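Please read them with the structure open.

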Number of protein chains: 2
Amino acid sequence: MASVIPVSNSSMRSDRNTYVGKRFVHVKNPYLDSMDEDILYHLDLGTKTHNLPAMFGDVKFVCVGGSPNRMKAFALFMHKELGLEEAEEDIKDICAGTDRYCMYKTGPVLAISHGMGIPSISIMLHELIKLLHHARCCDVTIIRIGTSGGIGIAPGTVVITDIAVDSFFKPRFEQIILDNIVTRSTELDKELSEELFNCSKEIPNFPTLIGHTMCTYDFYEGQGRLDGALCSFSREKKLDYLKRAYKAGVRNIEMESTVFAAMCGLCGLKAKSTLIKPQTF
Amino acid sequence: MASVIPVSNSSMRSDRNTYVGKRFVHVKNPYLDSMDEDILYHLDLGTKTHNLPAMFGDVKFVCVGGSPNRMKAFALFMHKELGLEEAEEDIKDICAGTDRYCMYKTGPVLAISHGMGIPSISIMLHELIKLLHHARCCDVTIIRIGTSGGIGIAPGTVVITDIAVDSFFKPRFEQIILDNIVTRSTELDKELSEELFNCSKEIPNFPTLIGHTMCTYDFYEGQGRLDGALCSFSREKKLDYLKRAYKAGVRNIEMESTVFAAMCGLCGLKAKSTLIKPQTF
């Protein structure tokens, strides 16, 4: 799939946003276009070593999730669903040269793993957004798929996130830039949420709802778990916190949604939403 | 290596800290000892499914790092250095049942990957500390080994962290517990730092220093990189920030040290330090 670009590095030119009627993925970095080469270090890809428009130009859907194995399984599932001619064995990890993330492509669908937590998905998103930008992708929908802890809902319910909130139930992502704190919006695309919700109705026994998703920096103390190495709160305090979260509209908890919403929103991946299947809580 | 415990789950009893003269790894969670079973979900281990004291009771050194491949390479290197009889092929990933982390054991040395960023290492540390506690390990030294960006030092220099600081150069880790922010100390063991520093003198051409390590939540905007998908600061602002960091004693930047220092310090892994080899910055 990879191929070396022989002469010019056309994907680095700044003409991407001039096309009419198409929504291009854009970066918000004035330095990027003046760079001779952009190395997507954690994806083991680059603008000089790979022909990114040829490899990824047709991407329309990006699905991301924490676990590498699950993203591979998802890509193989999509391959089957799309009925593509390419042999299943040809769907190989595009990022095999690094053990940071895994990436699979089948037709217009790109599946990538992002590890666990805000910093881990943030590195991947920086490089993914640059990849889609260099590849001149347009009208891209990105969906995060993952497990999560449900609040006040039956296990197995799928939650489609309308807005991601932080540990204080606020719809914001606090990004530290150098030593400044910048607050970013975490709203997700409403139209896509409704579209996904309508899809769910077509599948029998597929309990689905639209709600807020809370994103924490920690799996144990941050999510009220009583079985971590450290636990300084009572069962009552935990239940009180989860009840207040429910009252604020939170239906599930995970660890990546705020930065996902903030970064995709800033870079023109407007048609996006997270879709999460809660497990026990 | 794994074996099923037939009758009682003795590792769950609360008699670990009563031995004299040994420093046991301890948890700070009053709920843990009353639990019938403790499942270390992200490590694919548990107190009922595995004989943790038999598997891990002799562990004296734990080395952690971001990349799974590097931790495997490190375990194989240690195996050779220790001159152990066990065949190299027998050093298998103990966490093979999950793709979240990798774990290798050779003699008294345990090597574990932790992914990237504070939330990812935090999940691993919660479960690692519980594992060492259940296995009744004592006098354990834990060392984080990783790449990092150096500030004002030659590439290739090894930085032994004396104290981990946050993006504001403060020696603290702010842990969100439910919706409260708790500040924890990030000091690392002084004696071990000096011991490691003395070791470095015995190796020719091994430039090493003791300094502060800055831990950020983000690789691009948080560390002043000009090549992310988002960049809102000037080259001058970046340089000013890095100069201020240097003046505050920071010699390198990475993404895990504050929570590593805070959690290990709280749980009796007192003899610890991070050792980091900076790359270009």
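1. B:Asp179 pairs with A:Arg244 in a salt bridge (a side-chain nitrogen of Lys or Arg within 4 Å of a carboxyl oxygen of Asp or Glu), and the closest N and O atoms are 2.8 Å apart. Between chain B and chain A the count is four salt bridges.

2. This is a predicted model, in which local features need pLDDT of at least 70 and side-chain atom pairs count only at pLDDT 80 or more, whereas totals for chains, interfaces and linings use all residues. Residues are numbered from 1 along each chain as its sequence is written, chains are lettered from A and ligands numbered from 1 in the order in which they are written, and side-chain values use heavy atoms, with hydrogens and water left out.

3. Chain B and chain A each bring 63 residues to the contact, where contact means heavy atoms within 4.5 Å. The area buried between the two chains is about 5,600 Å², with 59% given by carbon and sulfur atoms; buried area is the accessible area (1.4 Å probe) that two parts lose on being put together, summed over both. In chain B, the residues losing the most area to chain A are B:Tyr31, B:Met116 and B:Leu178, together 15% of what that side buries.

4. Within chain A, the domain assignment, which is automatic or from a database, gives domain 1 (24–139) and domain 2 (146–280).
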